[in-house]
Amino acid sequence: MTEFRSLSVDLMERILCLLPIPTLIRASTVCKLWYSIISSSTFSSSSSSLHPWFFLYGLHNTSSKNNQSFAFDPISNLWFRLPSNTSFSNNNTTSAAGFLFTTAPTFSFSPVLSRHISTTSPLHYSRHNPLLGVFYSSHNPNHNRPSFIVVGGVRFIGNLVDIEDRLAVEMYNPDLDSWDICPPLPSDFPTGFSSSSLSSALFKGRFYVFGINSSFVSSFDLESRVWSNVQTLRPPGVSFSFLISCKDRLVLAGICNSQAGSSFNLWRIDEKTMEFSEFAIMPQDLLYSLFDSDEDDKFACLKCVGLGDLIYVFNEDYHKRYPACVCEITTTTQQSGGGKCKWRRVPQLPSPVNKFHQVISFCSTVSLHSILQGRGGDAGAEAYV
Amino acid sequence: MKFCTVKQYFDDENNNNVTNGIATTVIPLPNKHLKIKANNKEMEQYEQELLRNVMPQELTKLILAANYLNFKEALDFFCRTVANAIQNKSVDYVRKFFGLESDFEPGEEEKLCKEFAWSFEGVDED
């Protein structure tokens, strides 16, 4: 078996890049050569950007030692229990595009699964639970520094939520470490805890905001910094839905009621015209396997997140189990609506799973480089958890 | 093209890179590939059959042969086989498989394992 040593670094790398991320993290501890190959910024696990992980953070309101965090890797098809020193709370933790954010009292971000935290200069209006987008501006000479857009959210006056305040949109300039004020979300959208009633998607230079129940949609042009008119995006029969930015298409995912019953459908949305075309329906038995009760309104506890080629659907009220399924959009065709989908159940969470009062869920790409090189330097104050 | 290197191999008499045994395994692959290129499932079955008779140690030779012959599909396939063989295995198993030894400073390896302890869950028993 020692002949493997005779493989060149090139060939070793060829084998290694076929492995899923958790295997690679373990493999980096084999020897110094492997650590340097795997943690190099030019090394990447193939297709990792199209197969984002699914994260579930469970919160206990009174006893924080009962908090737990889990991460699902779709390539190895395994759940991982994350270390309990990840500190978070429902009010100030948000996630977007590979990062975790704390938005109040200060604004800080860290790549998912890395312990490296960067803090920016404060927002003009620090807020809880906003919608967040991450993008890389073409004007930015240093392409590695992300820009952020923060929309909505709430401010607290004492212990009460300030509902009158329509908070300005703020956009982060990484070169100047400063925030620019932009026009706020159109008033058709209610103020309040944004992520429970709104879903957002960043697609082709626009930040879309979509009302999960209201079906209102508006998009913010990141260049011109203007909001589009508010429209309604609701295919017939839809009771609630989520807007998701996938690799090459904007997708609407939600529950659709018809004579035949309820189903969970996916529509491709044309970002210019907001026209929709249905391209997938979750198999009925898979949908019903996410519930244990037969109540009429059981579908209301479904949540949906997605990125790249994957869309995750799960039941956020099914305590201790949180059953989920994932849809992989396999082919992309030039025809409108094209694309084949493969649906499958996500395996059970590893026990024990505590009882939670709230669950934060999100979908995110995972950067091997950020995890292994958590000691990288960046502008702004830095800290390790 | 796939066949240039093969021709070169036959022309070059003093070739140490590809032994005869390996040649008989790798060389027929291009033909078979072209024949059943359309049908992926058949190719998979053929590949599984091929590997049933090959020991893991032989895989290095196959990889080196496919690399030398510039035969991308075979190279990808052999590399994928090795990747599958080590995917869920322990770090010690992987070290033995590749004939590698840990060259970390004392304590350095423990620090890494501790930091990434979460990724060590679900590993197969040796």
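This is a predicted model: local features need pLDDT of at least 70, side-chain atom pairs count only at pLDDT 80 or more; totals for chains, interfaces and linings use all residues.
**View 1. Helix H1 of chain A meets helix H6 of chain B.** The crossing of H1(A) and H6(B) is right-handed. On the H1(A) side, the contact comes from A:Leu11, A:Arg14 and A:Ile15, while H6(B) brings in B:Lys72, B:Leu75, B:Asp76, B:Cys79, B:Val82 and B:Ala83. Sort the residues of this contact by class and you get six nonpolar, three charged and no polar.

**View 2. H6 of chain B packs on helix H7 of chain B.** Stay with H6(B) and turn to H7(B), residues 91-98: the two helices pack at about 145°, and their axes are 10 Å apart. B:Val82, B:Ala85 and B:Ile86 are the H6(B) residues here, and they meet B:Tyr93, B:Val94, B:Phe97 and B:Phe98 of H7(B). By class, this contact has seven nonpolar residues, with no polar and no charged ones. B:Val82 shows up in this contact and also in the one between H1(A) and H6(B).

**View 3. The annotated stretch of chain B.** An unreviewed UniProt entry carries the annotation "domain: SKP1 component dimerisation" for residues 75-118 of chain B. In the model, that span is 64% helix and 0% strand, and its end C-alpha atoms lie 32 Å apart.

**View 4. A four-stranded open sheet in chain A, with S3 and S27 at its edges.** The strand order reads S3-S2-S1-S27, and the pairing is antiparallel. S3 (78-81) and S27 (358-364) each have a single partner strand, so one side of each is left without a neighbour in the sheet. From one strand to the next, the twist averages 20°. Zoom in on S1 (residues 53-59) and S2 (residues 68-73) of chain A, and you'll find five bridges joining these antiparallel strands. One pairing to look for is A:Phe54 with its bridge partner A:Phe72 in S2(A).

**View 5. Another four-stranded open sheet in chain A, running from S19 to S22.** This one goes S19-S20-S21-S22, with antiparallel pairing. At the edges stand S19 (238-245) and S22 (276-281), each with a single partner strand, so one side of each is left without a neighbour in the sheet. The twist averages 30° between one strand and the next. S19(A) runs antiparallel to S20 (residues 250-258) of chain A, and seven bridges join them. Among these strands' residues, A:Phe240 has A:Ile255 of S20(A) as its bridge partner.

Terms used:
Residues are numbered from 1 along each chain as its sequence is written. Chains are lettered from A and ligands numbered from 1 in the order in which they are written. Side-chain values use heavy atoms; hydrogens and water are left out. UniProt positions are given in the numbering used here, feature names are shortened, and annotations may be inferred rather than shown by experiment. Two strands pair if DSSP finds at least two bridges between them. Axes are lines fitted to C-alpha atoms, for helices over the stretch in contact, and angles run from 0 to 180 degrees between N-to-C directions. A crossing is left-handed if the near helix is turned anticlockwise from the far one by less than a right angle, and right-handed if clockwise. Contact means heavy atoms within 4.5 Å. Ala, Val, Leu, Ile, Met, Phe, Trp, Tyr, Cys and Pro count as nonpolar, Asp, Glu, Lys and Arg as charged, and the others, Gly among them, as polar.
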